Amino acid sequence: MIRLIQALLSGVFFTFILDFFIILGIQINYIRPHNINVFYNILFADHQNIFLFLFFTIIIGYLITYTTTKSALIGVGTLFILAFATLIPPIGEKVGEFILLKKDITLKTAKFSYHGNIYYDGRKEITFYDYKLKKVIILNKNKVIGEY
């Protein structure tokens with residue numbers, strides 16, 4: 001029972017470290033270049049997938065607690081290399097686009113209709129690139145009509 005708790009706690013600890021570097025890479029290589037106004041901690045908290053987190057917690061905890069040191073180093077080391085890869089600009093940008101970008105969306109407000117890409121769907125604002133205006137605009141989420 002103690003080894004199971006140790007595996008889960010170790011998995012949680014190392015998975016949070018992996019998440020930190022993945023979100024850091026997205027922050028540096030996707031959020032900043034698009035001038036999106038969001039703090040790291042909000043980005044980190046809003047884009048956690050509990051199922052992926054639990055999956056990697058179990059895998060990493062198992063590797064660290066129940067396998068040989070060599071297997072644990074290879075498995076966890078590979079995951080860390082993949083997480084650190086988001087710090088490389090093209091990779092971090094692609095991961096950010098994969099997670100955050102919604103292409104070819106139409107948004108409507110009481111007065112206007114916009115067609116373009118959602119760069120970031122935040123808590124209160126949507127950072128949106130309009131094809132017709134050819135620029136990034138910020139829309140208040142409360143004023144957008146309908147689903148997108």
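This is a predicted model: local features need pLDDT of at least 70, side-chain atom pairs count only at pLDDT 80 or more; totals for chains, interfaces and linings use all residues.
**Basis.** Local features need pLDDT of at least 70, side-chain atom pairs count only at pLDDT 80 or more, and totals for chains, interfaces and linings use all residues. Residues are numbered from 1 along each chain as its sequence is written, and side-chain values use heavy atoms, with hydrogens and water left out.

**Fold and dimensions.** The protein chain holds five helices and four strands. Both are DSSP runs numbered from the N terminus: helices are H or I with at least four residues, strands are E with at least two. The order from the N terminus is α-α-α-α-α-β-β-β-β. The C-alpha trace spans about 60 × 30 × 20 Å along its principal axes. The radius of gyration of the protein chain is 19 Å, while a compact globule of 148 residues would be near 15 Å. That radius is taken over C-alpha atoms, and the globule rule is 2.2 Å times the number of residues to the power 0.38.

Of the 148 residues, 36% count as buried. Buried means under 20% relative accessible area, exposed means over 50%, and partly exposed lies in between (1.4 Å probe, protein chains only). A contact means heavy atoms within 4.5 Å. Among contacts with a separation of 6 or more, 48% come from residues 24 or more positions apart. The accessible surface comes to about 9700 Å², and 67% of this belongs to carbon and sulfur atoms. Areas come from the Shrake-Rupley method with a 1.4 Å probe; for residues, only the protein chains shown count as cover.

The chain has 15 positive and 9 negative charges, and their mean positions are 2 Å apart. Lys and Arg count as positive, Asp and Glu as negative; His and the chain ends are not counted. Each charge is placed at NZ of Lys, CZ of Arg, CG of Asp or CD of Glu. A salt bridge needs a side-chain nitrogen of Lys or Arg within 4 Å of a carboxyl oxygen of Asp or Glu. The count comes to four salt bridges. The table includes three of them.

| Pair | N to O distance |
|---|---|
| Arg123 and Asp46 | 2.9 Å |
| Lys102 and Asp121 | 3.5 Å |
| Asp121 and Lys141 | 2.9 Å |

Arg123 and Asp46 meet in a salt bridge. Arg123 sits in the loop between β2 (113-121) and β3 (125-130) and Asp46 in helix α2 (residues 40-46), so the pair ties together parts 77 residues apart in sequence. Arg123 is exposed at 54% relative accessibility. Asp46 is partly exposed at 32%.

Lys102, Asp121 and Lys141 are linked in a network of salt bridges. Lys102 and Asp121 form one of its pairs. Lys102 lies in strand β1 (residues 102-108) and Asp121 in strand β2, so this pair joins parts 19 residues apart. Lys102 is partly exposed, at 34%. Asp121 also pairs with Lys141. Lys141 belongs to the segment after β4 (135-140), 20 residues from Asp121. Lys141 is partly exposed, with a relative accessible area of 27%.

Thr57 is in helix α3 (residues 50-66). Thr57 is buried, with a relative accessible area of 4%. Leaving out residues up to four places away in sequence, Thr57 touches Ala7, Leu8, Gly11, Val12 and Thr15.

Gln27 is found in helix α1 (residues 2-31). Gln27 is buried at 8% relative accessible area. With the same exclusion of residues up to four places away, Gln27 touches Arg32, Val38, Phe39, Tyr40 and Leu43.
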